[in-house]
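Hello,

Here is the structure for your files. The notes on what was found in it follow below.

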Amino acid sequence: MPFRRSGVLTALAAFTALSLAGCGSGNTPAAPSATPGSDAPLNVVTSTNVYGSIAQAVGGDRVAVTSLINDPAADPHSYESTPGDAAKVAGASLVLYNGGGYDDFMERLVQSSGAKPSVINVTQLSGLAPPEPAGSDTAPADDPSFNEHLWYSLPTVQKVADQIASDLGTADPTDAARFTSNAQAFKGKVADLITKEQAIGTAHPGARVAITEPVPGYLVQAAGLTDVTPPAFSEAIEEDTDPPAAVLQQTLDLFTNNPVQLLILNAQTETPTTTQVEQAAQAANVPVVKVTETLPAGVNDYITWMGSEIDAVANALNGS
């Protein structure tokens, strides 16, 4: 789901003005990154704390990670960048963001900063986005078949870890082996999560589930479950609009005759419509699992968080 970009240009203009006043150049980084071999950590800026936690796992104490979106109560899709965000990006050695129309403000910040950090666009790295037709301006976000919530694609997360290690190793060759080792350890833990997902499919092959929007789509697919939600419903919720009455009724019908076995709801974009669907599930004794787009309060580790999301799905289907 694309972020709303209102306020980005205003924020960048304000940042430029501040830089000109204080430094004589709008391109001067606010916080220079560490030089290779120095004791100072490398500055890494990510769009959300999900990617920030992955960067931290790979970089360890050799990185200082700043996640621009880290409030577990916030809806990431309505985020507006600030002059402070622009300053952080300008001083980064590495910038990591989702791409695919989800957090375009990061790309704008990089382009306007005047700095040249290493940049990881997860959508491009994943290989999951549909190819753009030759001569077309179509972006992955414009293709309804593309699910941009890539942190739920565990093989993609493994690719991200490898790329972080590579980019950090280029910035700091002295610690390159450490970054590679950290990435391998992290990827091993992700592999354990993949095994957990596959176990769900083994225990409940093809189990019918409903979702309020595509956020957990990669988890549902990897677990061998069947999403029977009317596409027009989840697309409307993702776009922050009300689905047509007939589509809403089709979704509510999923909890009456031959009800689905599980409802997966995005807790960060709850609306009166999704509440109505949740109440229908509860009335039918269909378990509800709530997932999020950022790390919950008190959790700063991707593996712990994603493991709890997968366990919640497994436990709900197991009836525990």
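Val 44 stands opposite Val 65, a residue of β2. The strand β1 (residues 42-48) runs parallel to β2, and 6 bridges join the two. Please keep in mind that this is a predicted model.

Both strands belong to an open sheet of 4 strands, with parallel pairing and the order β2-β1-β3-β4. The edge positions are taken by β2 (63-69) and β4 (118-121); each has a single partner strand, so one side of each is left without a neighbour in the sheet. From one strand to the next, the twist averages 15°.

The axes of α6 (residues 154-171) and α7 (residues 176-203) come within 9 Å and cross at roughly 175°. An angle over 145° counts as roughly antiparallel, and α6 and α7 are therefore roughly antiparallel to each other. On the α6 side, the residues in contact include Leu 154, Val 157, Ala 161, Ala 165 and Leu 168. On the α7 side, they include Phe 179, Ala 183, Phe 186, Val 190 and Ile 194. Charged residues also take part, among them Asp 162 in α6 and Lys 187 and Glu 197 in α7. Taken together, the residues of the contact of α6 with α7 divide into 14 nonpolar, 4 polar and 3 charged.

Regards

Methods. Residues are numbered from 1 along each chain as its sequence is written. This is a predicted model: local features need pLDDT of at least 70, side-chain atom pairs count only at pLDDT 80 or more; totals for chains, interfaces and linings use all residues. Side-chain values use heavy atoms; hydrogens and water are left out. Axes are lines fitted to C-alpha atoms, for helices over the stretch in contact, and angles run from 0 to 180 degrees between N-to-C directions. Angles under 35 degrees count as roughly parallel, over 145 as roughly antiparallel, 65 to 115 as roughly perpendicular and the rest as oblique. Contact means heavy atoms within 4.5 Å. Two strands pair if DSSP finds at least two bridges between them.
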